[in-house]
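Please look over the model below before reading on. My notes follow as numbered points.

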Amino acid sequence: MDPLEICYMSAGQLSGLIQSKEISPVEVIDAHLARIDATEPILNSFITLLPDEARAAARRAEADIRAGKYRGPLHGIPVGLKDLFNTAGVRTTSGSKIFDNFIPAEDCTVATKFRQAGSILLGKLNMHQFAYGPTGENPDYGHMHNPWDPELVTGGSSGGSGSATVAGQCTITTGSDTGGSVRIPAALCGIVGLKPTYGLVSRHGLTPLSWSLDHPGPMVRTVEDAALTMNVIAGHDSKDVASAKVDIPDYTTALTGDVKGLRIGVPEEYFEAPLDPNVGQAVRDALDLLESMGAEVKPVSFPMFKDAFPISTAILMAEASAFHRDLLAKDADKLYPPIRLRLEAGLFISSADYLRAQQARTLFDRQTRQLLEDVDLLAGPTEPVTAPKILAARVQAGETSLGTTPALTQYTRPYNITGMPAISIPCGFSDAGLPYALQLAGRPFDELTVLRAAHAYEQATDWHKRRPPI
Amino acid sequence: MPEESRLSKEAFLFMAESAGIDVTGEHVDELFSIVQATLAGLDSLKEIDVTDAEPDMSFAPDGA
């Protein structure tokens with residue numbers, strides 16, 4: 001089998017071939033390692049590669065499967081973890097040379113679950129330092145590069161996860177999403193990124209950025225793979241104080257292809273915000289398609305959308321600075337200067353401002369829930385623009401020039417504030433060949449409806465089948 | 001630089017020093033500017049009527 005075709009198979013496709021022994025996990029891992037060798041000099045997706053460990057794990061998986069010990073759809077599937085997911089015996093840097101030699105003694109819960117499912121860890125993925133930024137900048141381990149155009153950002157903070165997934169370096173990757181860090185690189189790289197409901201996937205063993213806003217989630221090339229990954233990583237964890245005690249469904253049951261009767265609300269405010277008109281048109285076209293498939297699409301009003309930025313800024317900056325305070329005291333001069341400035345600035349947010357933001361968060365959450373009483377999903381763009389150039393301080397969104405960080409997090413922050421599930425899926429390409437993305441958000445713990453709509457749209461289009469020219 | 005300053009340079013330097021930030025470094029002026037901009041950006045929170053809203057410190061949605 002052509003190794004490149006192996007690299008572009010979904011976990012859903014590979015798992016069938018692995019289970020039937022038509023392909024060996026060793027062949028799968030070798031194909032991916034070759035793909036990494038060929039593309040990594042351009043992309044810089046990885047901080048740590050584990051070729052020997054991955055080949056050894058692949059041989060064990062092959063032997064187990066031959067012996068009839070098939071563990072399920074992720075057995076033998078190549079996985080990459082963002083480098084803030086602790087991995088026993090494998091360094092975990094959080095994207096900073098300060099932790100270049102930090103080797104955790106135990107796995108984070110997500111890594112444990114992948115191991116138990118028989119997945120094979122290919123390596124640890126590059127990221128915006130300490131996950132504190134939406135572009136994928138990292139002077140310590142090198143900036144990440146977008147496979148659609150290496151002069152452009154991947155998006156962040158889970159930038160290596162975005163580039164590795166769309167370039168066929170990994171089948172499944174993970175990210176953590178505090179203001180959009182799963183969905184932003186998913187959108188700018190043209191893959192699927194799911195931010196699950198807060199508390200559904202354990203944060204245990206992940207370096208925090210903001211305790212009350214952090215959400216780990218899958219980054220993959222198909223909605224089916226998002227569902228398969230959620231089947232493995234979702235669930236209660238007593239080691240995470242925020243972990244939810246809810247029943248975990250089989251997420252693949254959502255993949256019906258049917259959106260008849262689904263009510264999708266489109267906040268008018270999303271289209272009044274700074275937005276590249278071509279992105280806006282692609283999203284409207286996607287919503288028209290969903291409507292033609294039987295969904296009811298209607299405008300809704302979300303007046304507090306404009307408040308998402310100050311609410312999440314106050315909470316995120318205060319919590320990030322609190323977590324990293326000791327690091328600031330000890331190693332401030334070793335931090336990437338923009339990260340140092342953000343962390344130090346967060347120390348000036350008063351407890352009164354922080355708590356006022358939490359009060360406003362209550363109102364923001366209440367309004368979003370009221371919207372979701374009348375509709376099943378909220379839809380809009382994931383990003384107002386396509387991927388900007390690396391280190392660009394500002395972007396042009398339609399007629400408005402605005403800072404890169406507020407622009408890239410404009411549509412993603414609301415669902416970190418509310419903790420609601422939100423997915424980003426490709427919904428078109430610009431004339432320059434850069435991906436556009438649609439975001440769908442649902443009620444707490446209703447990932448099934450989010451996945452259902454995303455999958456139906458995906459199956460009706462071919463955007464997810466495009467490959468970057470690398 | 002925001003139009004209205006919530007924090008004088010003197011107050012900023014006092015708070016920075018109290019927080020353990022090296023105020024002799026070259027980056028202090030830039031930090032002051034970022035702090036001013038950040039605090040100015042949070043002023044819009046004052047326009048939200050939070051009278052009946054308690055801070056939700058559990059963070060987790062219903063069902064958790």
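1. Start with the contact between the chains. It takes 35 residues from chain B and 39 residues from chain A. Keep in mind that this is a predicted model.

2. Next, the area. The size of an interface is often given as the accessible area lost when the parts come together. Here chain B and chain A bury about 2900 Å² between them. Carbon and sulfur atoms account for 70% of that area.

3. What about polar links? Between chain B and chain A there are 8 residue pairs in polar contact, with both residues at pLDDT 80 or more.

4. Now the side of chain B that touches chain A. Two elements of chain B each give two or more residues to it: helix H1 (9-18) and helix H2 (28-42). H2(B) supplies the largest share, 8 residues. By class, this side has 21 nonpolar, 5 polar and 9 charged residues.

5. Turn to helix H3 of chain A, residues 25-43. Where does H3 of chain A bend? The bend is at A:Asp37, by about 35°. A proline, A:Pro41, follows within four residues.

6. Check both ends of H3(A). At the start, a side-chain oxygen of A:Ser24 reaches to within 2.9 Å of the backbone nitrogen of A:Val26. After the helix comes A:Asn44, whose phi is positive, near 60°.

7. Last, burial. The buried residues of H3(A) include A:Val28, A:Ile29, A:His32, A:Leu33, A:Ile36 and A:Leu43. An α-helix has 3.6 residues a turn, so residues three or four places apart point the same way.

Conventions
Residues are numbered from 1 along each chain as its sequence is written. Chains are lettered from A and ligands numbered from 1 in the order in which they are written. Side-chain values use heavy atoms; hydrogens and water are left out. Contact means heavy atoms within 4.5 Å. Buried area is the accessible area (1.4 Å probe) that two parts lose on being put together, summed over both. A polar contact is a pair of N or O atoms within 3.5 Å; within protein, one must be able to donate a hydrogen and the other to accept it, and residues adjacent in sequence count only if both atoms are side-chain atoms. Ala, Val, Leu, Ile, Met, Phe, Trp, Tyr, Cys and Pro count as nonpolar, Asp, Glu, Lys and Arg as charged, and the others, Gly among them, as polar. The bend at a residue is the angle between axes fitted to the seven residues ending there and the seven starting there. Buried means under 20% relative accessible area, exposed over 50%, partly exposed in between (1.4 Å probe, protein chains only).
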